Amino acid sequence: MTPSPGLSDLLPNLGGRTLVMGILNVTPDSFSDGGLFTGTDAAIAQAERLVAEGAAILDIGGESTRPGHVPVPAQEEQARVLPVIRAVAPRLAVPISIDTYKASTARVALEAGARIVNDVWGLQREPDIATVAAAHGAPVIIMHNRATIEPDIDIVADMLAFFERSLDIAHRAGIDDANIMLDPGVGFGKTWAQHLDALRRLPEIRALGFPVLVGVSRKSLLGRLHDRESRPADRLTGSLAAHAVAATLGADIVRVHDVAAHVDAMRVVDAVMRPEIQ
């Protein structure tokens, strides 16, 4: 087995500018784009479109993680993602991350050409996923999540404790700090106020010393701020605003559905906040 390149090789601009991760859900039930890219040809076309628009990473997922989602067996998840990964990995110039918490799915996805493991349960649902990533030399994205919502807790304190546990799992598996990113998990296991607090206090997560990824794209917490009913696809303006705030507060990567608009927006943020790269 040839190990994957490390994070600094896969994303040489990480830390220099705000990178955009494009979302490709090959699921029938994702909250925003479920059913749009379940066909392999449609998924391949969308992957190419996202990269052409400027995505620095392509995040492919085969199981919806929206509130109330129905978990799918690993075999079904793999049947959805593997044909797409095998088709696009050789032809795209950007790395693919596999969006899964299942160790078996991570293993076959990495074998098929994915380079990064993006785990919405922070390596804690199936800790063997860390061993799989380490065996492939693959970077991991550790996202904060909770099985229950507790309105009265300090959500950032909870995140810091969660990340400590996840980092211990990663280190014991042999994953180097240079191959770890953190995600505060906005939209997962939190109240509306806690989602906003997680964004507001992003510097406390960034202070841990790891690159930070934030994904707020089209989420319902944005719709709550509107004075009208809005479908996920109508939340581009809120998504841009939330990600601009996140990038200003230290996010290194934003995970989005609308790549072209976010590439333009992040260039503006970087021009103001990181003038040395202009």
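Let's start with salt bridges: a search of this whole structure finds 18 of them. Keep in mind as we go that this is a predicted model. For anyone new to the idea, side chains of opposite charge can pair when their charged atoms come close.

Take Glu77 and Lys102, which form one of these salt bridges, with their closest N and O atoms 3.4 Å apart. This pair links distant parts of the chain: Glu77 sits in helix H3, residues 74-88, while Lys102 is in the loop between strand E3 (96-99) and helix H4 (103-112), 25 residues apart. Are these two residues buried or exposed? Glu77 has 1% relative accessibility, so it counts as buried. Lys102 comes out at 6%, so that residue counts as buried too.

Next, please find Arg201 and Glu204. Their side chains meet in a salt bridge, at 2.7 Å from N to O. Glu204 has a relative accessibility of 35%, and therefore counts as partly exposed.

Now look at Asp252 and Arg206, where the N to O distance in the salt bridge is 3.2 Å. Which parts of the chain does this pair tie together? Asp252 lies in the loop between H10 and E8, and Arg206 is in helix H8, residues 202-206, so the bridge connects parts that are 46 residues apart in sequence. Asp252 is buried, with a relative accessible area of 2%, whereas Arg206, at 28% relative accessibility, counts as partly exposed. There is also a network here: salt bridges that share partners join Asp154, Asp197, Arg200, Arg201 and Glu204.

Let's move on to the sheet. Strands of a sheet pair through backbone hydrogen bonds, either parallel or antiparallel. In our model, there is an open sheet of eight strands with parallel pairing, in the order E6-E5-E4-E3-E2-E1-E8-E7. Strand E6 (180-183) and strand E7 (213-214) stand at the edges with a single partner strand each, so one side of each has no neighbour in the sheet.

Let's zoom in on E1 and E8. These two strands pair in the parallel sense over four bridges. As an example, Met21 has Arg255 in E8 as its bridge partner.

Both of those residues come up again when we look at Asp59, which is found in strand E2, residues 57-61. Asp59 is buried, with a relative accessible area of 0%. And what does Asp59 touch? Leaving aside residues up to four places away in sequence, its contacts include Met21, Gly22, Ile23 and Leu24, along with Ser97, Asp99, Asn118 and Arg255.

My last stop is helix H11, residues 259-273. At 1.5 Å a residue, its 15 residues should span 21 Å, and the end C-alpha atoms are 20 Å apart, which agrees.

Which residues of H11 are buried? They are Val259, His262, Val263, Ala265, Met266, Val269 and Asp270. If you wonder about the spacing in that list, an α-helix has 3.6 residues a turn, so residues three or four places apart point the same way. The buried residues of H11 pack against strand E1 (19-25), helix H2 (40-52), helix H10 (236-248) and strand E8 (253-256).

Finally, find Met273, also in H11. Met273 has 42% relative accessibility, so it counts as partly exposed. Together with Val268 and Val272, Met273 forms a nonpolar patch on the surface, with about 290 Å² of accessible area in total.

Technical notes:
Residues numbered from 1 in each chain as written. Predicted model: local features only at pLDDT ≥ 70, side-chain atom pairs only at ≥ 80, totals over all residues. Heavy atoms only, no water. Patch = residues over 30% accessible without salt bridge, like charges linked within 9 Å, V, L, I, M, F, W, Y side chains within 5 Å. Areas by Shrake-Rupley, 256 points an atom, 1.4 Å probe, with all protein chains shown as cover. Salt bridge = Lys/Arg side-chain N within 4 Å of Asp/Glu carboxyl O. Buried < 20%, exposed > 50% of the residue type's maximum accessible area, 1.4 Å probe, protein only. Expected span 1.5 Å × (residues − 1). Contact = heavy atoms within 4.5 Å. Pairing = 2+ DSSP bridges.
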